[in-house]
Amino acid sequence: MIRDDEIIRRIRKGDARQFESLFRSSYVSLVKYANTFVKDHDTAEEIVQDLFFRLWQDREKLKIESSLNGYLFRAVHNRCLHTIAHNRVVSRYAREMEADEHGVSESPTDILNYKELQAKIARILERLPERCGKIFCMNRFEGLKYHEIAERLSLSVKTVEANMGKALKEFRKELERQ
């Protein structure tokens, strides 16, 4: 059996077979673990898939001081907590929007901030390749899961993941400039 440091070294050098082996051996248990937090199998799969996508994307910078298994489970744990927090923000925003529709007025500052945010989102979406922007909108605005988008657009789930990663990277880059 190969030691963790050897697996990490091989992945860092771009060994796709080693990476695939790690993915196959860890995927099911990581999804089950994520599902204990997020209580949604599709979301749990997205979290784990995104983790592996980023792991491969940033493989040259990969530095794992603990065990590889411990690192993966901790990364999934952190991503689950981030997803839960994000979902709370989305729910709070939805409640606020619903309250606004029922006569609660917004301040001029709120309206201006909202319009500025909408304009920024539109600018970022314009810069993205067409398919990438479409996939982002289908996921974030229509609430479709990666596999649903893949089916609708006749793409692989991996292609959807890659395009979402690209879109999210652009949004992060733009929002960090503030």
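Ser 154 follows helix H7 and has a positive phi, near 55°. The model is a predicted one. Ser 154 sits in the loop between H7 and H8, and this positive phi occurs in a residue other than glycine. With 66% relative accessibility, Ser 154 counts as exposed, because the cut-off for that class is over 50%.

**A second residue with positive phi**

- Lys 39 is not a glycine either, yet its phi is positive, at about 55°.
- The position of Lys 39 is the loop between helix H2 (16–38) and H3.
- Lys 39 has 65% relative accessibility and therefore counts as exposed.

**Helix H7**

- Helix H7 covers residues 146–153, and its buried residues are Tyr 146, Ile 149 and Ala 150.
- Viewed down the axis of H7, these buried residues fall within an arc of 100°, so they line one face of the helix.
- Glu 151 and Arg 152 are exposed on the other side of H7.
- The packing partners of the buried residues of H7 are H3, H6 and H8.

**Cysteines**

- Zero disulfides turn up in a search of the whole structure.
- Cys 132 is in no disulfide, and the cysteine sulfur nearest to it, that of Cys 137, lies 9.7 Å away.
- Cys 132 has 0% relative accessibility and counts as buried, because buried means under 20%.
- Cys 137 has 22% relative accessibility and counts as partly exposed, because this value lies between the 20% and 50% cut-offs.

**Largest pocket**

- The largest pocket holds about 1,600 Å³ of space.
- Its lining is made up of 33 residues, and those nearest the centre of the pocket are His 86, Val 90, Asn 139, Arg 140 and Leu 168.
- At least two lining residues come from each of helix H3 (41–57), helix H4 (68–101), helix H5 (108–127), helix H6 (130–140) and helix H8 (157–176).
- H4 gives the largest share of the lining, with nine residues.
- Sorted by class, the lining residues are 16 nonpolar, eight polar and nine charged.

**Overall architecture**

- The protein has eight helices and zero strands.
- Read from the N terminus, the order of elements is α-α-α-α-α-α-α-α.
- The C-alpha trace spans about 65 × 35 × 35 Å along its principal axes.
- The protein has 178 residues, of which 31% count as buried.
- Among contacts with a separation of 6 or more, 63% are between residues 24 or more positions apart.

Key. Residues are numbered from 1 along each chain as its sequence is written. This is a predicted model: local features need pLDDT of at least 70, side-chain atom pairs count only at pLDDT 80 or more; totals for chains, interfaces and linings use all residues. Side-chain values use heavy atoms; hydrogens and water are left out. On a 1 Å grid over the protein atoms alone, a cavity is a set of points where a 1.4 Å probe fits but cannot get out, and a pocket is an open set with protein on both sides within 12 Å along at least five of seven lines; lining residues have an atom within 4 Å of a point. Grid points are joined across faces, edges and corners, and a volume is the space filled by probe spheres set on the points. Helices (H or I, at least four residues) and strands (E, at least two) are DSSP runs, numbered from the N terminus. Ala, Val, Leu, Ile, Met, Phe, Trp, Tyr, Cys and Pro count as nonpolar, Asp, Glu, Lys and Arg as charged, and the others, Gly among them, as polar. Buried means under 20% relative accessible area, exposed over 50%, partly exposed in between (1.4 Å probe, protein chains only). The arc is that of the directions from the helix axis to the C-beta atoms. Contact means heavy atoms within 4.5 Å. A disulfide is a pair of cysteine sulfur atoms within 2.5 Å.
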